[in-house]
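Me: I'm new to reading protein models, and I'd like to learn how to look at a cavity and a ligand. Could you take me through one, step by step?

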Amino acid sequence: MSPDKDRSLIARQHVQVINNWGLHARPSAAIASVAAKYPDCEITLHSDNNMSASALSVASLLMLEAVKGSMIEVEAHGSENAVNAVNDVVEIIQGGFDEEHRVLKGEGINCGIAIGLAHVLLNEPVDIPHYSITKAKIANERKRLSTARAEIKSEFAKLGNNEEDPQFSEFRQLLMMMLSEECFSKTPSALIRQELVNAEWALKISVDKFTEKFAERSSLIWQSRIDEYNLILKRMIDAMTTDSSKCSSKAKSTHIIITSNIGPAEVIEYHRAGYIGVISSGGSKNSHAAIVARSMGIPSILAIDELNLECIKEDTLLAIDSNTGELHIQPTKETVAELRLKAQTDKPTSRRTLRAGKPPRSLSRDGERIYINANIDFMAEIEAAQNIGAEGVGLFRTEFMFLGKETPPSEDEQFEIYSEVIKKFAPLPITFRTVDIGSDKQAAGLDASASSMGMRAIRYSLANPLMFKQQLRALIRASLLGKIFILLPMVTQEQELTLAHRLLKEAAHELDMKDTKLPDLGVMIEIPGVAYILDSLSKQCEFFSVGTNDLLQYTLAVDRNNSQLIQLSNPCHPGFLALLGQIIRTAVKIKKQITVCGELAADPIMVRFMLALGVRSLSMNPLHIENIRDNLREFRIFSHQQLALELTKCRSSEQAVELLDKFK
Ligand code: PEP
Ligand code: MG
């Protein structure tokens, strides 16, 4: 008790802890900040297990181990403010720390609603590198440690104070406080010298030692404290290495996964394990993880800040509305009922509309014929594509046959899959894209580059001719069963086409089918530079297909998996629109068939713009087909041609948005 505080005035009140997780770190920080507003009072909390704590100290409040239902006596000594101080502390405890219904916003993948319990994979143990170092490396390791710490500090600082979400701001402040503790700086730095180990390992030992004392206690409060220290540990390790934590697969059909960065392979894994939804801090609407989740029909929301997700505990009730991008944490009964109703009336179109027979012909309002095809990633989507009346498969992503498998599929296994698709769709055409492996699509047994600009897609296939010819042989054999095309991903130059033709011929020769008519080859336009060599490429291919997802990422240098760059991934960028115009107009001029198969093919306004420039063939997730077909039925292509040309010459995104509005 400081001498300047008046002990004569005393106020007391009892209050029950009502929030689910009791006085864990965040509520304790909230109490401490209320207490700090009364410097002339000494506020103490007494728990029903005979513990006492100063309201100003987060650490001693945690020691109370007050769980849901605990009775607390709040006592204040001091000035005439003592009564107000007690009232304020009691009020915040009675308020339950707003832990009830919260809504977070991210990038919804537009594929329905899921209601379930959280399965949190954010703090899965990280694979921490451990090796010995020489004395000469001590300084280097210390530098790595301090750089990682500075990086995380500035990351927390950049998140700023969020006035709309005070809980988030408190939590951020708490993490900043924790980061300044010695277990993240002085102790590991000393351990690097004493133990002669790398920085990651020194950090792990230091944090483990520090949190050991919490682990001895059984209450949830201490567990959440350990989680918070481990969150910082994981972030610092991530900053020092490029590895992200891998998920465990604790299958629960009632659960929704909460994770950090995910790729398509993880989505497949979650789907197989039976999870009903996915929430991730990483990714974007155009990432492969989103594409796969949509294809598999798993309601998902990506790009929600990880610190916000950290507030969610295992088994918390969640509701995902992937159409609005809203994640409801501990939704009220009314919200759950509302979302259940919405889920029934709002079923994705492909599940709603079941039609048999020939696909309908799509015509624009002014009578132009448009071909609407399906993108297929998994066999399970075929039925949906047929039911909705797809006129063929414009993009079959064959790499998904390789993902989530221990060994790559053999020629015969591939042939079986291709045959099944062809037979199911016969007599409609199927465009099989050769494996687009690499970047975020990594397959066991294949050593493709993890960089989106590295040894991947057609580059990888050409560098591994045995594997490539195996796929080509399976495709040639399947071509006897129906009409198929072969599409090559990420082509950058003519030589790649020459080589692909040569390998296709060799594959036919190996099958003793050299006199068979081989499937036509097509080129995916995904690299900006290719827009200017279409004429020469066209001499060696029969059609083009625009992959707008990659075209956008490479044109604007925006990694499509990076949730922090979502604002920059802007298809209204004048440079991107000009490039798209250049590609489509060139294809029309040289009379080469052109399809658009990236996610923009499902964007009603961008589709109108591309049709006005000359596109007549689209390929998209079956979920969007009905919407796009309805949309173009209302559109007059020829009266918008001038506007489309203007759009390819606009000077700013703002102007582009204004012009695009006129396509509505
Ligand atoms: C694209 O890049 O637009 C595309 C269709 O291919 P993927 O999404 O598989 O990279
Ligand atoms: Mg692509």
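This is a predicted model: local features need pLDDT of at least 70, side-chain atom pairs count only at pLDDT 80 or more; totals for chains, interfaces and linings use all residues.

Me: Which residues that line the second largest cavity are the closest to its centre?

Reply: There are 14 lining residues, and the closest to the centre are Arg397, Arg433, Met524, Glu526 and Asn549. Another way to read a lining is by the elements that supply it, and here S15 and H20 each give at least two residues.

Me: Where does ligand 1 sit?

Reply: Ligand 1 sits in that second largest cavity. Two or more residues of the shell around ligand 1 come from each of helix H10 (288-296), strand S15 (393-397) and helix H20 (548-555). H20 gives the most, with three residues.

Me: How many residues surround ligand 1, and which are the closest?

Reply: The shell has 16 residues, and the closest are His288, Arg397, Arg433, Asn549 and Arg560. By class, the shell has four nonpolar, five polar and seven charged residues.

Me: Which side chains have polar atoms beside the oxygen atoms of ligand 1?

Reply: Here we look for pairs of N or O atoms within 3.5 Å. Arg397 has a side-chain N or O atom 2.7 Å from an oxygen atom of ligand 1. For Arg433, a polar side-chain atom lies 2.8 Å from a ligand 1 oxygen. Glu526 also takes part, with a polar side-chain atom 2.9 Å from an oxygen atom of ligand 1.

Me: How much of the area that ligand 1 exposes when taken alone does the protein bury?

Reply: Taken alone, ligand 1 exposes 290 Å², and the protein buries 100% of that.

Me: Now the backbone, please. What joins Ala426 and Pro427?

Reply: The general idea comes first: most peptide bonds are trans. Ala426 and Pro427, however, are joined by a cis peptide bond, with omega about 5°. To find the spot, look at the loop between helix H15 (411-425) and strand S16 (430-433), where Pro427 lies.

Me: And what is the phi of Ser439?

Reply: Most residues other than glycine have a negative phi. Ser439 is not a glycine, yet its phi is positive, about 55°. You'll find Ser439 in the loop between S16 and helix H16 (457-463).

Technical notes:
Residues are numbered from 1 along each chain as its sequence is written. Chains are lettered from A and ligands numbered from 1 in the order in which they are written. Side-chain values use heavy atoms; hydrogens and water are left out. A residue is near a molecule or strand if one of its heavy atoms lies within 4 Å of it. A polar contact is a pair of N or O atoms within 3.5 Å; within protein, one must be able to donate a hydrogen and the other to accept it, and residues adjacent in sequence count only if both atoms are side-chain atoms. Accessible areas come from the Shrake-Rupley method with a 1.4 Å probe; for residues, only the protein chains shown count as cover. On a 1 Å grid over the protein atoms alone, a cavity is a set of points where a 1.4 Å probe fits but cannot get out, and a pocket is an open set with protein on both sides within 12 Å along at least five of seven lines; lining residues have an atom within 4 Å of a point. A molecule sits in a cavity or pocket if more than half of its atoms lie within 2 Å of its grid points. Helices (H or I, at least four residues) and strands (E, at least two) are DSSP runs, numbered from the N terminus. Ala, Val, Leu, Ile, Met, Phe, Trp, Tyr, Cys and Pro count as nonpolar, Asp, Glu, Lys and Arg as charged, and the others, Gly among them, as polar.
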